[in-house]
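Please keep the sequence and the structure at hand while reading.

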There are 2 protein chains.
Amino acid sequence: MTEHLPDEDTIFELLQALHKGISPKFERCAGITPTRFRLLQELFRVSEISQISLQKTLDIDAAAVTRHLRGLEDSGMIARRNNPADNRVTLVSLTDHGRDHINSYREEKTRFISELLTGFNEQERTVLAEMLTRLQYNINLL
Amino acid sequence: MTEHLPDEDTIFELLQALHKGISPKFERCAGITPTRFRLLQELFRVSEISQISLQKTLDIDAAAVTRHLRGLEDSGMIARRNNPADNRVTLVSLTDHGRDHINSYREEKTRFISELLTGFNEQERTVLAEMLTRLQYNINLL
DNA sequence: TTTTATTAGTTGACGGGTCAACGATTCCGG
DNA sequence: CCGGAATCGTTGACCCGTCAACTAATAAAA
């Protein structure tokens with residue numbers, strides 16, 4: 001007995017190892033960092049948005065937003081302008097160039113995710129999503 | 001129809017969000033970084049080991065090992081000595097002080113993980129571990 | 001209205017990870 | 001035996017995230 005104990009620890013280690021693998025592989029496949037992709041995707045969805053809204057939506061630090069946007073601006077993907085109605089906020093939007101690129105990023109991301117979920121049927125995906133949601137819930141209680 | 005599509009993307013985002021939550025919460029609960037805990041745990045297991053073996057076992061960068069060990073050495077948890085049989089390698093081991101501490105870390109970690117898995121019965125844990133393993137496998141193919 | 005508090009964004013410093021370059025040691029083939 | 005190839009560890013530079021301190025602008029209160 002105690003043949004193959006699934007071990008609570010195993011799940012924790014699997015989650016750690018999984019994270020270690022996912023981000024770099026995503027970047028290698030999609031050609032963009034997961035976080036930057038999320039930024040672009042949100043900009044695509046809403047067309048124009050303040051940095052603070054971006055930050056809250058994506059749940060990342062304000063400093064990180066500032067620096068990612070600087071990078072994306074330097075590469076011509078996004079543009080920023082002051083909000084004339086409130087000079088504290090800067091409004092961010094995709095440039096045409098950015099809009100061009102995000103579509104190919106989305107394709108690569110779709111391809112990546114379908115590779116990631118290879119072998120998972122519809123029901124398994126549902127179960128997995130539900131379990132991950134419960135884990136997230138538990139973590140938020142700590 | 002398309003009532004609540006579990007969405008491939010959802011799983012990806014859940015994994016990302018999960019990671020964002022786990023490490024800081026672990027550290028807050030256990031009082032030590034996940035990586036440093038893994039280092040100590042491995043040292044506890046084998047008593048004395050070279051840095052390169054540590055690195056391979058834990059699958060982290062050599063530079064990270066060097067720096068973590070410096071930190072752990074400064075806090076008196078570990079000791080290092082040269083391998084007299086091969087002056088390239090440095091052997092790392094727990095100090096008594098480190099051995100004292102790791103037990104309380106282990107308790108905190110156990111508590112943390114059991115909170116994390118609250119509401120998961122034995123069978124669900126098995127299913128979850130198996131699914132995470134499959135994800136890991138898929139990632140390694142990319 | 002003037003003062004105070006709040007909000008948005010930037011910056012600096014830090015910890016964690018990676019990779020690339022380097023010195024020291026050991027191994028091995030000519 | 002000796003010189004080139006591996007191996008081990010360290011360091012520096014970079015990216016990504018956090019927090020804390022700061023400025024500028026607006027909102028709220030006295």
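## Charged pairs across the contact

In this predicted model, four salt bridges are counted between chain A and chain B. One pair is formed by the side chains of Lys109(B) and Asp9(A), with an N to O distance of 3.1 Å. Polar contacts between chain A and chain B, counted where both residues have pLDDT 80 or more, come to 17 residue pairs.

Which helices of chain A each supply at least two residues to the side that touches chain B? They are α1 (8-30), α2 (34-46), α5 (96-116) and α6 (122-141). The greatest contribution on this side of chain A is that of α1(A), with 19 residues. By residue type, the side of chain A that touches chain B consists of 24 nonpolar, 12 polar and 14 charged residues.

## Extent of the contact

Chain A brings 50 residues to the contact, and chain B brings 51 residues. The area buried between the two chains is about 5300 Å², and carbon and sulfur atoms give 70% of it. Within chain A, the residues that lose the most area to chain B are Phe12(A), Ile139(A) and Leu142(A); together they make up 14% of what that side buries.

## Symmetry of the two chains

Two copies of a chain are related by a rotation about an axis and a shift along it. Here, chain A is superposed on chain B by a rotation of 180° with 0.0 Å of shift along the axis, and the RMSD is 0.0 Å. This is the relation of a two-fold axis. In chain A, the C-alpha nearest the axis belongs to His19(A), at 3.2 Å from it.

Through which surface do the copies meet? Of the interface residues of chain A, 100% are also interface residues in chain B, so the copies meet through the same surface.

## Salt bridges in the whole structure

Side chains of opposite charge can pair when their charged atoms come close. Over all chains, a search of the whole structure finds 18 salt bridges.

In chain A, the side chains of Glu48(A) and Arg81(A) form a salt bridge, at 2.8 Å from N to O. Glu48(A) belongs to strand β1 (residues 48-50) of chain A and Arg81(A) to strand β2 (residues 78-83) of chain A, so this pair ties together parts that are 33 residues apart in sequence. Glu48(A) is partly exposed, at 32% relative accessibility. Arg81(A) is also partly exposed, at 41% relative accessibility.

## Further pairs in chain B

A salt bridge joins the side chains of Arg80(B) and Glu73(B), with 3.1 Å from N to O. Arg80(B) counts as partly exposed at 30% relative accessibility, and Glu73(B) is partly exposed with a relative accessible area of 32%.

Asp86(B) and Arg88(B) form another salt bridge, in which the closest N and O atoms are 2.9 Å apart. Are these two residues buried, partly exposed or exposed? Asp86(B) is partly exposed, with a relative accessible area of 23%, whereas Arg88(B) counts as exposed because its relative accessibility of 73% is over 50%.

Terms used: Residues numbered from 1 in each chain as written. Chains lettered and ligands numbered in written order. Heavy atoms only, no water. Contact = heavy atoms within 4.5 Å. Buried area = accessible area lost by both parts, 1.4 Å probe. Polar contact = N/O pair within 3.5 Å; in protein donor to acceptor, adjacent residues only side chain to side chain. Helix = DSSP H or I, 4+ residues; strand = E, 2+ residues; numbered from the N terminus. Nonpolar A, V, L, I, M, F, W, Y, C, P; charged D, E, K, R; others polar. Least-squares fit on C-alpha atoms with pLDDT ≥ 70 in both. Buried < 20%, exposed > 50% of the residue type's maximum accessible area, 1.4 Å probe, protein only.
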